[in-house]
Amino acid sequence: MKLPEIAKIIGGEIVVPKGLETDIEITQVAKIESAKEGEITFLSNPKYAKYLSLTKASAIIVPKNISDVPIPAILVDDAYFSFLKIFLIFNPPKEPIKAGIHKTAVIGENTKIGKNVALGAYTVIGDNCSIGDNTKILPNTVISDETEIGNDCLIYANVTLREKTKIGSRVIIHSGTVVGSDGFGFAKVDGKYTKIPQLGNVVIEDDVEIGSNCSIDRATMGETRIKRGTKLDNLVQVAHNVIIGEDTVIAAQTGIAGSTKVGNNVTIAGQVGIVGHIEIGDGAILAAQSGVSESVPPKAVYFGYPAKPHIEEKRRQVSLKQLPEIIKKIRRFEKELEELKKK
Amino acid sequence: MKLPEIAKIIGGEIVVPKGLETDIEITQVAKIESAKEGEITFLSNPKYAKYLSLTKASAIIVPKNISDVPIPAILVDDAYFSFLKIFLIFNPPKEPIKAGIHKTAVIGENTKIGKNVALGAYTVIGDNCSIGDNTKILPNTVISDETEIGNDCLIYANVTLREKTKIGSRVIIHSGTVVGSDGFGFAKVDGKYTKIPQLGNVVIEDDVEIGSNCSIDRATMGETRIKRGTKLDNLVQVAHNVIIGEDTVIAAQTGIAGSTKVGNNVTIAGQVGIVGHIEIGDGAILAAQSGVSESVPPKAVYFGYPAKPHIEEKRRQVSLKQLPEIIKKIRRFEKELEELKKK
Amino acid sequence: MKLPEIAKIIGGEIVVPKGLETDIEITQVAKIESAKEGEITFLSNPKYAKYLSLTKASAIIVPKNISDVPIPAILVDDAYFSFLKIFLIFNPPKEPIKAGIHKTAVIGENTKIGKNVALGAYTVIGDNCSIGDNTKILPNTVISDETEIGNDCLIYANVTLREKTKIGSRVIIHSGTVVGSDGFGFAKVDGKYTKIPQLGNVVIEDDVEIGSNCSIDRATMGETRIKRGTKLDNLVQVAHNVIIGEDTVIAAQTGIAGSTKVGNNVTIAGQVGIVGHIEIGDGAILAAQSGVSESVPPKAVYFGYPAKPHIEEKRRQVSLKQLPEIIKKIRRFEKELEELKKK
């Protein structure tokens with residue numbers, strides 16, 4: 001593919017250093033630090049600007065505010081996103097499984113399988129399920145009774161969906177994840193814990209993606225729900241009756257305790273812990289490892305343990321830094337005060 | 001079912017507002033905020049008291065100290081537990097798998113299978129195992145050689161039990177959990193880590209429940225043991241040679257390092273980390289995200305990072321809040337002292 | 001086996017209390033607190049020294065600096081490592097699976113299987129894979145297309161290896177672990193998250209061991225790499241494009257965010273969180289639950305949240321302890337200053 005053709009696709013302007021050609025052939029995409037001749041790369045994160053003069057790439061996609069690029073460049077609004085478009089043209093994604101139902105797939109009674117569905121080897125589908133068109137289920141995944149899965153979903157290997165789970169369309173679930181395990185509910189009766197039956201379910205709306213080895217518990221009653229477009233990283237814990245809004249992102253190893261409501265467009269970093277029965281407002285941001293013990297207002301930025309508004313916590317941490325010096329000062333004051341009193 | 005019949009089952013007293021009937025028909029149970037006509041609900045957590053006047057339920061189970069309920073009520077000692085009793089009558093739990101051994105189950109040599117056992121599709125059971133009466137093992141679960149499982153257990157799909165694991169009766173293990181993986185033990189020899197063989201096993205006593213995607217490591221020598229009635233949430237890490245007492249609860253994403261002993265009736269919240277080779281006393285409580293680096297006495301309440309007794313840590317956090325103000329004061333003192341000294 | 005024979009194997013010196021014999025028969029190894037007659041034990045951790053006078057063992061392996069042992073002892077440089085040598089002689093490890101390809105194993109097209117390979121029941125191997133000599137893959141594990149595995153590897157049950165994963169020789173991967181799941185990458189376009197395709201892979205070098213239920217994500221482009229001899233505990237998160245050096249150990253529930261580089265010989269304790277795009281220098285030590293938000297120099301010891309150099313953080317924590325007392329002092333100063341000013 002020629003450079004001008006690429007510029008046209010991403011709607012960018014070509015700028016070429018003196019003495020270099022515009023009409024060059026591009027054969028692949030690559031990262032700026034490892035690109036070879038014939039490849040196109042990109043610059044988005046300023047941390048990588050040092051590679052501008054070092055890269056072996058034949059061309060580069062850069063933001064409009066970058067100048068003095070030593071190789072042919074395409075100037076665009078969002079260099080990363082433009083690069084991805086080209087990336088996909090050079091590397092069209094391969095289907096992770098061939099369509100068709102493997103002869104070893106076990107399918108329960110009264111279960112409906114849509115058109116063009118792929119069921120991998122040793123998949124087990126329960127009774128009274130429905131699986132939408134073009135959905136792909138990879139080997140050794142277990143889908144329990146009365147589960148509904150929409151169209152164009154991708155459920156990787158070794159996933160477990162418990163009974164009555166409802167999954168929308170274009171949902172991706174990575175390997176090892178368990179959806180619909182029992183919520184953690186026990187009543188102490190005569191000093192022993194009696195299991196509280198967990199009879200609700202889990203609902204996962206359209207365009208949600210869930211990472212590997214996550215645990216999403218079913219509701220005690222009613223539902224645990226993850227709304228449209230939300231993305232979960234790996235090893236995330238979602239307890240019973242949690243509701244997570246739309247277009248929210250949750251990084252790895254975060255845990256959300258029972259009945260908490262997370263709003264829309266919330267950003268939750270890694271290893272955050274959120275206590276039960278609180279609300280995280282729309283657009284809030286929770287920094288990594290925060291321990292959130294109270295409701296967070298919309299658009300607020302919280303961090304710390306226990307988590308506090310960002311500015312408050314920052315101030316406290318700055319104060320904390322001064323603490324050893326303060327202690328020294330106080331010792332000096334003590335002496336000076338004594339001396340003054342003697343006088 | 002009529003309301004007086006329900007009151008009899010849970011041993012409660014019916015109180016009906018003037019003008020309303022007692023002998024009403026109840027068709028289902030529901031949560032207070034979503035109950036419909038004909039349904040019975042409950043009030044236990046005071047946070048939900050605001051729904052008392054809003055609920056569409058036809059009757060409600062409430063604690064004895066609640067008065068002025070606008071709908072027919074049954075007064076009991078423990079509203080939640082009474083509600084659960086009724087819940088189960090209206091919603092008898094469905095068996096997660098039919099009894100019988102699926103034709104694809106692979107069973108090793110010299111393995112004993114009890115009466116009325118269910119083995120799901122593609123389960124793999126090793127040599128010299130024994131599986132007790134009425135135990136249910138769901139699809140794609142792997143049980144390794146010389147493993148013993150008691151009666152009335154429920155092992156969900158995609159679980160892995162490693163060799164020589166011993167499991168009591170009425171134990172529940174959720175999907176994705178691994179019991180008996182090697183403890184994390186290496187000796188540094190000539191700058192390289194040499195694996196220390198992990199030749200002990202894991203023992204799980206009666207009435208234990210283990211959540212999804214947990215990792216319970218086998219002992220180096222001897223055993224890792226979880227005692228009777230203890231309940232683990234999801235994504236919990238239990239290292240080699242850990243002993244966990246009876247009737248203890250451990251919330252999600254908590255990790256316990258090697259050889260630590262946790263007592264009976266301990267309550268451990270989510271994302272707690274406990275260092276190795278210490279003891280957590282009976283009845284202790286560890287707050288969420290605590291980093292426990294020293295032994296905790298019986299009945300103590302610890303929190304913080306590093307974890308300290310609750311009162312000490314609370315005091316420290318209150319002091320911390322005053323820190324920016326203290327720094328201001330100190331600056332003022334400094335000036336005032338200088339002025340006084342000049343005089 | 002006689003005691004002198006054992007002493008010869010581990011190169012130690014026998015010391016026997018007066019009146020006791022040297023040429024005793026040893027039948028098994030055991031821990032100091034539970035050893036019985038005829039068994040040999042060891043003492044390495046000083047915490048267990050109290051058992052020296054209590055143990056029922058017939059002999060003990062101890063470090064050279066220990067004296068006054070009341071039972072026959074072998075003095076060595078490293079008691080634990082010496083003990084392990086003897087441990088393995090008395091308890092030769094049993095193969096976790098018989099060699100041979102189970103008749104239910106599904107093997108894709110153009111896949112090469114080495115000599116003496118074991119493939120367990122219901123394993124699924126994709127197209128264009130290669131599996132080296134003596135490698136063992138346990139039941140229900142799924143290995144995706146174009147994956148390469150070296151010689152003498154041990155992949156436990158219910159593991160998922162995604163496409164194009166490259167694994168060296170003598171690698172051990174425990175159950176439930178997922179290698180090569182998609183990195184967590186989304187671009188926000190018109191307020192919605194668009195998936196960034198994750199087209200790189202994961203490379204795991206020789207002699208690496210990975211615990212159970214870990215998530216190792218594939219790179220967006222290029223590779224995620226874990227270098228020779230490194231050991232990961234359970235439930236560890238390794239994000240896309242992370243590079244982990246040689247001979248590094250990472251304890252349970254630690255998470256490493258995208259593109260971070262961890263050096264050689266690094267020690268990372270449990271539940272540590274490491275932010276993306278930073279570097280952890282060779283030989284660094286990160287204490288448990290640390291929240292690492294900036295690069296760490298080689299050989300540095302960091303702890304805290306946010307993590308700081310050990311000494312700095314220790315000083316701060318000591319200061320913090322004095323805080324309530326400081327506040328009291330300041331109140332006193334305030335009064336005294338006022339009084340002085342009045343005068």
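The questions and answers below take up these topics in turn.

This is a predicted model in which local features need pLDDT of at least 70, side-chain atom pairs count only at pLDDT 80 or more, and totals for chains, interfaces and linings use all residues. Residues are numbered from 1 along each chain as its sequence is written, chains are lettered from A in the order in which they are written, and side-chain values use heavy atoms, with hydrogens and water left out.

Q: Which chains does the aromatic pair of Phe333(A) and Phe333(B) join?
A: Rings of Phe, Tyr and Trp (its six-membered ring) pair if their centres lie within 6.5 Å, with planes under 30 degrees apart counted as stacked, over 60 as edge-to-face and the rest as tilted. Phe333(A) and Phe333(B) form a tilted pair, at 6.5 Å centre to centre and 55° between the planes. Because each residue lies in helix α3 (residues 310-342) of its own chain, the pair joins chain A and chain B.

Q: What rotation superposes chain A on chain C?
A: Copies are superposed by least squares on the C-alpha atoms of residues with pLDDT of at least 70 in both. The superposition has an RMSD of 0.2 Å and a shift of 0.1 Å along the axis. The relation is that of a three-fold axis, and the rotation is 120°.

Q: Which side chain makes a polar contact with the side chain of Glu205(B)?
A: A polar contact is a pair of N or O atoms within 3.5 Å; within protein, one must be able to donate a hydrogen and the other to accept it, and residues adjacent in sequence count only if both atoms are side-chain atoms. The backbone nitrogen of Arg228(B) lies 2.9 Å from a polar atom of the Glu205(B) side chain. The side-chain partner, at 2.6 Å, is Arg225(B).

Technical notes
Helices (H or I, at least four residues) and strands (E, at least two) are DSSP runs, numbered from the N terminus.
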